[in-house]
Amino acid sequence: MSEKRIKIKGMRKIIGDTMRESVLKYPSATGHAKVDMSELLRMKDELNEKNIKIAMSAFFIKAISIALEDYPELNSRIENDELVIYDSINVGVGTATDKGLYVLVVRSTQDKDIIQISEDLKDMLSRMKTGKLTMDDMQDGTITLSNLSSGEYDSFTSIITNDQAMIIGVAKTKKEVVVSENDEIVIKPLSNIMVNINHAATDGMPSSLFATKLIEVLENPYKYFNI
């Protein structure tokens, strides 16, 4: 049997070492829940018709930010034996490249609307492609989003990084047959969201309440998103 060996180095090694350290350092747990994306996709289509192009991650970032305002203790990190709760919500977005995984940080999302968040994210993505990212673009995240909604995973588990309390995953959106509140059989675009917690920083109930609020925001975008 022939084999090929490739030296693990550079960004791949940094990512691997960071993930290994996190897994060994903190206990974690993951909760999965389904979210109806009907209204969010309708809003996105309506904005597209007005030539307002919003990155899908921007909707998720703002929804996370709104939910965190009700549960600020989850916007935090572990430092020694202390829980450090942040004043600002800085959402890191995991972004895959041919050189490895980057986490682009959109800062102060509690003070920005979806259009500004989307513009910030697009600017960083553009500069990433031309090699003009700075360290500031990838530092000071307080919570992380892993958006694989355009991929093929129905669900997945993410790994806590940077001592944060949570990382949020969004999986593929696909049409499913569901039973409505009126006991009718309907087809809806559903996606799984995954809330992976640092069990040293929080427990299942706070993260479950956060997930409930996050789902409420995503399913009622016209109520919560000021566009």
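Here is a short exchange about a predicted model of one protein chain.

Reader: How many of the residues are buried, as a percentage?

Author: Buried residues make up 43% of the 227 residues. To count as buried, a residue needs under 20% relative accessible area.

Reader: Why is asparagine 51 called exposed?

Author: Its relative accessibility is 62%. The cut-off for exposed is over 50%. The value passes, so asparagine 51 counts as exposed. Asparagine 51 is found in the loop between helix 2 and helix 3.

Reader: Why is aspartate 163 called partly exposed?

Author: Aspartate 163 has 23% relative accessibility. Buried would require under 20%, and exposed would require over 50%. The value lies in between, so aspartate 163 counts as partly exposed. This residue sits in the loop between strand 6 (143-147) and strand 7.

Reader: How do you know that the span of helix 5 is close to the expected one?

Author: Helix 5 covers residues 204-219, which is 16 residues. From its first C-alpha to its last, helix 5 reaches 22 Å. At 1.5 Å a residue, 22 Å is expected.

Reader: Which residues of helix 5 are buried, and what do they pack against?

Author: The buried ones are Ser207, Phe210, Ala211, Lys213, Leu214, Ile215, Val217 and Leu218. Their partners include strand 1 (28-36), helix 2 (38-49), helix 3 (56-70) and strand 8 (185-198).

Reader: What is serine 88 in contact with, beyond its neighbours within four places in sequence?

Author: Serine 88 touches Asn75, Ser108, Gln110 and Thr142. Contact requires heavy atoms within 4.5 Å. Serine 88 is found in the loop between strand 3 (82-85) and strand 4 (91-97).

Reader: How far is serine 88 from methionine 1?

Author: In sequence, they are 87 residues apart. In space, they are 54 Å apart, C-alpha to C-alpha.

Definitions and conventions
Residues are numbered from 1 along each chain as its sequence is written. This is a predicted model: local features need pLDDT of at least 70, side-chain atom pairs count only at pLDDT 80 or more; totals for chains, interfaces and linings use all residues. Side-chain values use heavy atoms; hydrogens and water are left out. Helices (H or I, at least four residues) and strands (E, at least two) are DSSP runs, numbered from the N terminus. The expected span of a helix is 1.5 Å times one less than its number of residues. Buried means under 20% relative accessible area, exposed over 50%, partly exposed in between (1.4 Å probe, protein chains only).
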